[in-house]
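Visitor: I have some questions about the terms used for this structure. Could you take me through them?

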Amino acid sequence: MSGTLKPPPAPFDARQFADTLDTMGLLVASLSDRIDAQGRMLEQVLKTATEARAAAFAAEKATDWKRNGDLINEGIVRGNRRVEILATMAQGQQEAMDRVLREMRPFIAITTPRELERREKLERLRRWMPLMLAGAFVLGGVLARILIEI
């Protein structure tokens, strides 16, 4: 033989692959829940910003700054507190998402090469399948011919 032999590929462990995919699905679902929570927080931020804007327009129309100044200041302070709380919550969600993504990287590194190998094997089999079927058909014809002559 003139060519070098390649070692056989590592056996494909379907159970481990299924467990890995299940784990990835759970991580993605968790990530989706966290993203939804951030969406709700952003809606609250938008609502707070809208309230602050409405308060600013009302303050612009007001003529008695001494009477309305304290109310406006309280509203702005309250809005700022909400924004700070939401920003802290969003930062915590971002850190949690970063942790989830860091945890997912090894799973992706494990599953991606195996998936590529599996696809390559299937592609090779797909290419050889017509030849194998033709060979089986010819062999069947030859055997039938032999059996008929006997």
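Guide: Start with a pair: the side chains of Glu 115 and Arg 118 are joined by a polar contact of 3.0 Å. This is a predicted model, where local features need pLDDT of at least 70, side-chain atom pairs count only at pLDDT 80 or more, and totals for chains, interfaces and linings use all residues. Residues are numbered from 1 along each chain as its sequence is written, and side-chain values use heavy atoms, leaving out hydrogens and water.

Visitor: What makes the pair Glu 115 and Arg 118 a polar contact?

Guide: A polar contact is a pair of N or O atoms within 3.5 Å; within protein, one must be able to donate a hydrogen and the other to accept it, and residues adjacent in sequence count only if both atoms are side-chain atoms. The value here is 3.0 Å.

Visitor: Why is Glu 115 called buried?

Guide: Its relative accessibility is 16%. Buried means under 20% relative accessible area, exposed over 50%, partly exposed in between (1.4 Å probe, protein chains only). So Glu 115 counts as buried.

Visitor: Why does Gln 38 count as buried?

Guide: Gln 38 has 18% relative accessibility, so it counts as buried. Leaving aside neighbours within four places in sequence, Gln 38 is in contact (heavy atoms within 4.5 Å) with Ala 90, Gln 93, Gln 94 and Met 97.

Visitor: Why is Leu 143 called partly exposed?

Guide: Leu 143 has a relative accessible area of 44%, so it is partly exposed.
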